[in-house]
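Work through the exercises below with the sequence and the model side by side. Try each task before you read its solution.

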Amino acid sequence: MIEVKNLHKSFGDLHVLRGITETIEDGEVVCIIGPSGSGKSTFLRCLNLLEEPTEGEVIIDGQQINTKGVDLNKVRQKLGMVFQNFNLFPHMTTLENVTLAPIQTGLMNAAEAKENALRLLSRVGLQDKAAVYPSSLSGGQKQRAAIARALAMNPEVMLFDEPTSALDPEMVGEVLDVMKGLAQGGMTMAIVTHEMNFAREVADRILFIDEGIVLEKGTPEEIFDHTKTERAKTFFSKVL
Amino acid sequence: MEYLIGIEKAFTGIGTTLEITVFAVILGVLLGLLIALMKLSKLRILKIIGSVYVEVLRGTPLLVQALIWYAGLPSLIGSMGGSFTWRGIEVVCGILACGINSSAYVAEIIRAGLQAVDTGQIEAARSLGLTHHKTMRFIVIPQATRIILPALGNEFITLIKETAVLSIIAIEEITRKGILWASQSYTFWYAYIGVAIVYLCMTIPLSRVVAYAERRMAVSDRS
């Protein structure tokens, strides 16, 4: 379970997050939507402390993590992250990308990590790409490999930061399908996305973020069909 | 025929030139790595020391630096009541002058190489729970090496040519051998063409090797 309390983040004079208090329950799929520059990605990146909040608390499984003395590496092992630009390691094969972290963090030995990686790669449809380098994968394949890499640490939560925004349109579906599979399997997920139809389909709850605060939240029906604020209505009229 | 003699005379200095270059590169890489890490350090004082070091060495001619080491330093030690001379160990002076000069350029090569690694790579590694140390070891350094190694190869080639300035401090490397023969025989044309050819015989093959390495490393690096 992830809790954030009164989360603020500034970059210099730029006040990106202006007080967010939110809870993501175990097994919940939360989609975070909103205009560009609204702070969606910053919010997500604060959850595993890739960005350090300026103010407020981030609490994972009851433990505040943005405080001194926390073993952040241990905490991050519980939170898998998938990036817009994939960020696969170009000097390693797909298999090595997936096995690196479990081996180096001591989670698994080499044989276990390999077996686990091959299982995950076949789950995302890349069983025949284990031995190749990321440079020979398509965008959709790269992102699926990146999902397998994050899953290899057996995370409790998966964070997705605009996972399909850098993809050619024809490759968006294959990545979303993998994510749907995860959601159906009960994975706790926080997804920053511009794919409204996807959000409507998989999300238990949607957060509409604008100018650093959660402007609206609720079920997909509440958000899309019974929009309350003018700001969100304007946004949907442009993207839907 | 005179051309051959020119080449032959210049060639007698090749051992000294290579000896100085190899040791200067080793010194340059070790010092350069240290300075690069200082410049990337979070400690302000280390950053400043690193920056000043690079600025001073890149902002003055190697010839002047060589003169300071060779003639200036013994004179300073003498004026303070000590006694020191490079006589007999001029080569060591040459290695020091070239190695320290080169370290400033190497520091910038290493710093740029480390900084060229995409921050997304570091974020991905850290998000998986890898420590800073393991992220450096498995992600940053292997990728930076692909950028740094070819540049270091070019620095080696540059240094082979730069050692020519050591001819002024009585080190009998390639250029000095040419000067000596020219002033004996008055065949300036053949002497210096010979010197040039000997340098080319080293630099052309080496730059081919570096270009090949550059291509090889670029191939597996496109993500």
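**Exercise 1: one residue**

A:I59 is buried, with a relative accessible area of 6%. Buried means under 20% relative accessible area, found with a 1.4 Å probe on protein chains only. The model is predicted, so local features need pLDDT of at least 70, side-chain atom pairs count only at pLDDT 80 or more, and totals for chains, interfaces and linings use all residues. Residues are numbered from 1 along each chain as its sequence is written, chains are lettered from A, and side-chain values use heavy atoms, without hydrogens and water.

Task: Find the strand that holds A:I59, then list what the residue touches.

Step 1. A:I59 lies in strand β4 (residues 55-60) of chain A. A strand is a DSSP run of E, at least two residues long, numbered from the N terminus.

Step 2. Skip residues up to four places away in sequence. A:I59 then touches A:M1, A:I2, A:E3, A:K5 and A:Q64. Contact means heavy atoms within 4.5 Å.

Step 3. Now take A:S36. A:I59 and A:S36 are 23 residues apart in sequence and 26 Å apart in space, C-alpha to C-alpha.

**Exercise 2: the core**

Task: How many residues does the largest nonpolar core have?

Step 1. Define the set. A nonpolar core joins buried Ala, Val, Leu, Ile, Met, Phe, Trp, Tyr and Cys residues through side-chain atoms within 4.5 Å.

Step 2. The largest nonpolar core has 48 residues, and A:M189 is among those with the most contacts inside it. Helix α6 (residues 169-184) of chain A gives the largest share, eight residues.

Step 3. Beyond four places in sequence, the contacts of A:M189 include A:E28, A:M158 and A:F160.

Conventions. Buried means under 20% relative accessible area, exposed over 50%, partly exposed in between (1.4 Å probe, protein chains only). Helices (H or I, at least four residues) and strands (E, at least two) are DSSP runs, numbered from the N terminus.
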